[in-house]
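Student: I have a new model open and would like to learn how to read it. Could you walk me through it, one feature at a time?

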Amino acid sequence: MSGAGTAAAGTVAAVDLGATSGRVILGRVDQRAGTLELDHVARFPNGPVRLASGLHWDLTGLYRDLTGGLAEAFRRDPAVSSIGVDSWAVDYALLRGGRVLGEPFHYRDERTAAGVDAVHATVPFDELYRRSGLQFLPFNTVYQLAAERDGASGWLDLADSLLLVPDLIGFQLTGSKVAERTNASTTGLVGVESGEWDDELIEQLGFPASVFAPLVSPGDSLGRLRAAVAAELGAPAGIEVVAVGSHDTASAVVAVPMRAEAAAYISCGTWGLVGVELERPVLKDAAREANFTNEGGVDGRVRFLHNVMGLWLLSESVRWWERDGETIDLPGLLAAAASVTSPVAVFDANDPRFLTPGDMPARIAEWCVEQGLAAPASRAEFARSIIESLAEAFAGAVRTASILSGVDVETIHVVGGGALNELLCQRTADRSGIPVLAGPVEATAIGNVLVQARAQGFASGDLESLRALVSAAFTPRRFQPGER
């Protein structure tokens, strides 16, 4: 990782893969001039595919789309210095002899329930938390692997390697099999104190230790593009692929223009990741009982946070309404939601029933009936109910993060797509009583760019130095409690 000095300005390519879409963005950084510029090159859809064996990712199609985006990036700027890849967490591919054994399972696949029971029968959750520091989520990699181990495919026995999604993309690009630490920390199999694979736990759970790749840190080089890939992309020989905070939230937190000692962040997209940045993990019983997680951040920081279901609740509702061919105007729906004056139900956004795809409005109505509340009566009311429920969940998670960590939160930073949702930002400010600063929207890609830029010598210094570039380049929108 560079830090000895800052070279001339340069450009890098960020591949940012989300659970519903992916993008390729060029980032030009000149720390001496204090400039950070983005060029959006490509955006493409991403989503699950239902096969006979369950819910999977179309990684073949995703790779085709991202390499198409990279080819366009090199057409626009042949001087690109490096490539970095981030994605969602926990999901993985199994390989043998360099070949992927089937399309990776989607974390919303129903198989994970059996894996939870199998793991906890061997290692109780309180011990898992002590060792990994991770909150309980039924789709964490440790549970998926238990379902894999006990399933009918036999792929885990056949595999010689396991790669999380961004590591798999890195392997396809370079031929290098590694596991980047921020994403590996979400598996439940990395020691929260050691930062290394927990070999004892892996053996205890009956997983083959040989499949886990060597760990690397953000800023480390994965190597050069394979010659065939470089030719396909129209890239110059010798282009480097750099490990970034390959868990998308780790990259997003790099780009939160905050004072970590007085701020909370919400990385809001399909999920809402609500937390604070710390130097040390919080492993006390109260943190475990509150279901807060200690995930790896860039430069060894700790992302102490809680997962909230996020805008998935709204997007899946819209998808359900559109299933018969109708098109929903999302800005219009949100405007109608903002105009709702009657009280709407505030439901538990973290209820597990909302995790899997399906009729989200019916599930919300079901929850309301069970609690003796009036269910929303129109699409606008459903949307408003979702916004109010997310805002309450966000505000509650910020309060809990502050209490558990000791961080006196003076500002909440909302980054990602949720920063564009004015109603959500305002209601989060109202319900928390804390000002909300919204933006940047492309925080994940920006964090990806900044870690690459530092590795290439276009930037230097600690995270605070990198965040100063973000503050100079992007002006957030401020939402004061009570201002409507």
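Student: Let's start with a loop. Between which two elements is N291 found?

Tutor: First, some ground rules. This is a predicted model, where local features need pLDDT of at least 70 and side-chain atom pairs count only at pLDDT 80 or more, while totals for chains, interfaces and linings use all residues. Residues are numbered from 1 along each chain as its sequence is written, and side-chain values use heavy atoms, with hydrogens and water left out. As for elements, helices (H or I, at least four residues) and strands (E, at least two) are DSSP runs, numbered from the N terminus. Now your loop: N291 is found between α11 (285-289) and β16.

Student: Is D299 buried, exposed or partly exposed?

Tutor: Buried means under 20% relative accessible area, exposed over 50%, and partly exposed in between (1.4 Å probe, protein chains only). D299 has a relative accessible area of 34%, so it is partly exposed.

Student: And which residues does the cis peptide bond join?

Tutor: G439 and P440, with omega at about 5 degrees. P440 is in the loop between β19 (436-438) and α17 (443-456).

Student: Which element gives the most to the lining of the largest cavity?

Tutor: That's α6, with three residues.

Student: What lines the second largest cavity?

Tutor: Y92, A93, L94, L101, G102, E103, P104, F105, R111, E148 and W155 do, around about 70 Å³ of space. To sort them, count Ala, Val, Leu, Ile, Met, Phe, Trp, Tyr, Cys and Pro as nonpolar, Asp, Glu, Lys and Arg as charged, and the others, Gly among them, as polar. That gives seven nonpolar, one polar and three charged residues. Strand β7 (residues 92-96) gives the most, with three residues.

Student: R111 is in that lining. Which side chain does the side chain of R111 make a polar contact with?

Tutor: A polar contact is a pair of N or O atoms within 3.5 Å; within protein, one must be able to donate a hydrogen and the other to accept it, and residues adjacent in sequence count only if both atoms are side-chain atoms. For R111, the partner is the side chain of E148, at 3.3 Å. R111 counts as buried because its relative accessibility is 16%, and its place is the loop between β8 (99-100) and α2 (112-122).

Student: How does the second largest pocket divide by class?

Tutor: Five nonpolar, eleven polar and seven charged residues line that pocket. Its space is about 400 Å³, and β16 gives the most to the lining, with three residues.

Student: Last, a helix. Which residues of α13 (residues 330-338) are buried?

Tutor: L333, L334 and A337 are. They sit on the same side of α13 because they cover an arc of only 95 degrees around the axis; the arc is that of the directions from the helix axis to the C-beta atoms. Their cover includes α12 (312-321), α15 (379-405) and α16 (422-432), going by contact, meaning heavy atoms within 4.5 Å. At the start of α13, a side-chain oxygen of D329 comes within 3.0 Å of the backbone nitrogen of G332.

Definitions and conventions
On a 1 Å grid over the protein atoms alone, a cavity is a set of points where a 1.4 Å probe fits but cannot get out, and a pocket is an open set with protein on both sides within 12 Å along at least five of seven lines; lining residues have an atom within 4 Å of a point. Grid points are joined across faces, edges and corners, and a volume is the space filled by probe spheres set on the points.
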